[in-house]
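Hi,

Here is the structure I promised to pass on. Have a look at it first, and my notes follow below.

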Amino acid sequence: MNRIHFIDKMIGGRLSRREILKGAAMFGVGVAMMPRLAQAAEALTVMEWAGYDVEDLFKPFVAKHGMPNFSIFASEDEALQKVRGGFAADVVHPCNYSVGRFVEAKLAAPIDTARLSNWKDVFPALQTAEGVIVDGQVMMAPADWGNSSIAYRPDLVDEEFKKNESWSIFYDEKYAGRVSMIDNEVAVQIAGLLLGYAPEKVFKMAGEELAATKPLLEKAVKTSRFLWSAPTEMQQALASGEIVAAYSWNDTAKNLSSQGIPAAFAKPKEGYFTWFCGLTLLNTGKAEQAAAYDFIDAWLSPETGKVLIEGSGYGHANQKSFEVADKAAVAAMGITDPVQHMQTAILFPPIPSSVLAEQIQLWDEMKALKK
């Protein structure tokens, strides 16, 4: 998905949600300024999203090995092409819908979960999810997850919307110039939901079914004050009141509320999306495999989950994270039962490359109307 930093539009991938973590106070000093401990001749090399290359997310690993090397990417496609080009990395952090591409390229190695002390505490629903299991083998250790929905200003939208939260706010001329859709093909899938397609159908739309979304997409593009490509841009516009609602992840409402700005995170009647990502072993690295397992296991620890939940409002794969995290932070996520949540939300699935390409092309055509 590389249109602008953190927003990409690749075959087999979707949006990153990491920019908001970059430079966050909860993580302290940036990795470039951290002293390195003594390390082995071949340090672990991790391909990672910006903002996730910080010690608080893998402290047990640092205590044992020191800081790993990081190669920051803006999309899984970028990471995949870099490894295909000969870059030697040991671990990569893809989302479930992209893992299969690393497997198809014969760059990923199966994970022996017996070597992960925290695996037993990973949500069972995630242990067996599509993208975690590929061709009968565990190819990703699920780590972080969150939601995609509508962040809005309850003090600036009308009562009708608050009582009947819906994706239709992006297609309502009453809100023309006051909302912001993300610059990504997920807008196509949202249009499918509004047309009444089942959630599993919107990720498979092609041909005539896909063409039927055009009128809605055209309206969403014209109604949006801007199509956002950086979370900070969107959050600042919400904070100032320039816009009253935007496609967002669950950290936006948390960030605005912490500044004393009224904010809410919708549960649209048509459904809202859930994403999850994790760690995949690569067969291209030079470090000892034991170090790679230590890194993955550190990421799966409940302590890492506590950092994510309290600092960003994102969920974590380890069930115990919700037990050790601050209860107010858990409540602020609006998720009282993570297991039920993951069963009822619309999980972003892997999408066939040909289908995704067609959806991307349509979105590119529609957003050109904005220029």
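Let me start with a cysteine: Cys-95 has a relative accessibility of 0%, so it counts as buried. Bear in mind as you read on that this is a predicted model.

What does Cys-95 pair with? Its partner is Cys-277, and the S to S distance of this disulfide is 1.9 Å. Cys-277 is buried too, again with a relative accessible area of 0%. The structure holds one disulfide, and the link of Cys-95 and Cys-277 is right-handed, with 60 degrees about the S-S bond. As for where the two ends sit, Cys-95 is in the loop between β3 (91-92) and α3 (99-104), while Cys-277 belongs to strand β11 (residues 273-282), so the bond ties together parts that are 182 residues apart in sequence.

Now the overall picture. The chain has 371 residues, and 58% of them are buried. Its secondary structure comes to 17 helices and 13 strands. If you take the contacts with a separation of 6 or more, 73% of them are between residues 24 or more positions apart. The accessible surface of the chain is about 14500 Å², with 51% of that belonging to carbon and sulfur atoms.

On to helix packing, where I have two pairs for you. In general, two packed helices are described by the angle between their axes and the distance between the axes.

On the α9 side, the contact is made by Lys-214, Leu-217, Glu-218 and Val-221, and α17 brings Leu-362, Trp-363, Met-366 and Lys-367 to it.

The other pair is α10 (residues 231-240) with α11 (residues 251-258). Here the axes come within 11 Å and cross at roughly 45 degrees, so α10 and α11 are oblique to each other. The crossing of α10 and α11 is right-handed. If you want to select the residues involved, take Met-234, Gln-235, Leu-238 and Ala-239 from α10, which meet Asp-251, Thr-252, Asn-255 and Leu-256 of α11.

Helix α6 (residues 186-194) deserves a look as well. Just after α6 comes Gly-196, with a positive phi of about 95 degrees.

- Lys-106 has a phi of about 60 degrees. This lysine lies in the loop between α3 and β4 (108-109). Lys-106 has a relative accessible area of 68%, so it is exposed.
- Asp-135 has a phi near 55 degrees. You'll find Asp-135 in the loop between β5 (133-134) and β6 (137-138). Its relative accessibility is 71%, so Asp-135 counts as exposed.

That's what I have so far.

Cheers

Conventions:
Residues are numbered from 1 along each chain as its sequence is written. This is a predicted model: local features need pLDDT of at least 70, side-chain atom pairs count only at pLDDT 80 or more; totals for chains, interfaces and linings use all residues. Side-chain values use heavy atoms; hydrogens and water are left out. Helices (H or I, at least four residues) and strands (E, at least two) are DSSP runs, numbered from the N terminus. Buried means under 20% relative accessible area, exposed over 50%, partly exposed in between (1.4 Å probe, protein chains only). Contact means heavy atoms within 4.5 Å. Accessible areas come from the Shrake-Rupley method with a 1.4 Å probe; for residues, only the protein chains shown count as cover. A disulfide is a pair of cysteine sulfur atoms within 2.5 Å. Axes are lines fitted to C-alpha atoms, for helices over the stretch in contact, and angles run from 0 to 180 degrees between N-to-C directions. Angles under 35 degrees count as roughly parallel, over 145 as roughly antiparallel, 65 to 115 as roughly perpendicular and the rest as oblique. A crossing is left-handed if the near helix is turned anticlockwise from the far one by less than a right angle, and right-handed if clockwise.
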